[in-house]
Amino acid sequence: MVFLDRLLPAWRHRDPEVRASAVRELGQDSLHVLASVARRDSDIRVRRIAVKKIDDPDLLLEIGRTDADEDLRLLATSRAEDLLVDRATSRRPPEDCLRALGGLTRPSHRVTVATRAVHPSVRRAALSSLSEERSLAEIARRGDDPQIGLAALERITDVTLLHRIAAGDAPSEVALAALARLTDPDRLQAIAEDHQ
């Protein structure tokens, strides 16, 4: 067995510490090796090291669905989602960004894309994929693109959320549009007092 260990690559060594050390040294040019280790290594620590080095969201999502260890599934899924958010908000071609957006399932990630994506078409697609008013309010409050903020605001009916947008630090166009939709004198008075 010791003789075999000398013939095999270090990432296939029988000692998990040797495998872990070898996996730490692998780069993205060894994605097929990282994938093999992440899918099949018997030691959870070695699989975790491999997962942390993988930059392929599809592979990470697969591991997130199939690994036997719940913590590793969560780690792989979380890494995949972070990579997809980065791709969706990047300067890559819009179709690549839209493809990454399509892989996102959490509303909070779609809010991030709607507020930070480089391409307006990607911001609009992220906005159109959301319906929950709290998410829409986040976009109205946090976005740098007034058009996206106003589009999100149009779909909000909750008076408390409109008040927060009008009273908060939303872009001025969005805050004024939210203020124009408020009719409760007490809420309007509270906003006036806050801005004195």
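Is Leu-188 buried, partly exposed or exposed, judging by its relative accessible area? Leu-188 is partly exposed, because its relative accessible area is 30%. On this scale, buried means under 20% relative accessible area and exposed means over 50%, with partly exposed in between (1.4 Å probe, protein chains only).

Before going on, a word on what you're looking at. This is a predicted model, where local features need pLDDT of at least 70 and side-chain atom pairs count only at pLDDT 80 or more, while totals for chains, interfaces and linings use all residues. Residues are numbered from 1 along each chain as its sequence is written, and side-chain values use heavy atoms, with hydrogens and water left out.

Leu-188 sits in helix H14 (residues 185-194). Helices here are DSSP runs (H or I, at least four residues), numbered from the N terminus. Skipping neighbours within four places in sequence, Leu-188 is in contact with Leu-179, Leu-182 and Thr-183; contact means heavy atoms within 4.5 Å.

| Pair | Apart along the chain | C-alpha to C-alpha |
|---|---|---|
| Leu-188 and Ala-166 | 22 residues | 9.3 Å |
| Val-111 and Ile-139 | 28 residues | 6.1 Å |
| Ile-139 and Arg-164 | 25 residues | 12 Å |
| Pro-171 and Leu-127 | 44 residues | 17 Å |

Val-111 belongs to helix H8, and its relative accessibility of 3% makes it buried. Setting aside neighbours within four places in sequence, Val-111 is in contact with Leu-130, Ser-135, Glu-138, Ile-139 and Arg-142.

Ile-139, in turn, is part of helix H10 and is buried too, with a relative accessible area of 1%. Beyond four places in sequence, the contacts of Ile-139 include Val-111, Ala-114, Leu-127, Ile-148 and Ala-152.

H8 also holds His-109. With 12% relative accessibility, His-109 counts as buried. Not counting residues up to four places away in sequence, His-109 touches Glu-81, Asp-82, Val-85 and Leu-104.

Then there's Pro-171, in the loop between H12 and H13. Pro-171 is partly exposed, at a relative accessible area of 21%. Leaving out neighbours within four places in sequence, Pro-171 is in contact with Ala-140, Arg-141 and Gly-143.

**Nonpolar cores**

A nonpolar core is a set of buried Ala, Val, Leu, Ile, Met, Phe, Trp, Tyr and Cys residues joined through side-chain atoms within 4.5 Å. The largest one has 33 residues, and the members that touch the most others are Val-113, Ile-139, Leu-153, Ile-156 and Ile-165. At least two residues of this core come from each of H6, H7, H8, H9, H10, H11, helix H12 (159-167) and helix H13 (172-180). Another core lies apart from it and has 20 residues, among them Leu-26, Val-51, Ile-54 and Ala-76.

**Helices with a buried side**

In helix H9 (residues 120-128), the buried residues are Val-122, Arg-123, Ala-126 and Leu-127. They sit on the same side of H9, because they cover an arc of only 140° around the axis. That arc is the one made by the directions from the helix axis to the C-beta atoms. The cover over the buried residues of H9 includes helix H6 (70-88), helix H7 (94-102), helix H8 (107-116), helix H10 (133-142) and helix H11 (146-154).

In H7, Cys-97, Ala-100 and Leu-101 are buried. Viewed down the axis of H7, these residues fall within an arc of 105°, so they line one face of the helix. Arg-99 and Gly-102, on the other side of H7, are exposed. The buried residues of H7 pack against H6, H8 and H9.

**A pair of packed helices**

Two packed helices are described by the angle between their axes and the distance between the axes. Helix H3 (residues 31-40) and helix H5 (residues 57-66) pack at about 10°, and their axes are 11 Å apart. Axes are lines fitted to C-alpha atoms, for helices over the stretch in contact, and angles run from 0 to 180 degrees between N-to-C directions. On the H3 side, the contact is made by Leu-31, Ala-35, Ala-38 and Arg-39, and on the H5 side by Leu-59, Glu-62 and Ile-63. These residues divide into 5 nonpolar, no polar and 2 charged. Here Ala, Val, Leu, Ile, Met, Phe, Trp, Tyr, Cys and Pro count as nonpolar, Asp, Glu, Lys and Arg as charged, and the others, Gly among them, as polar.
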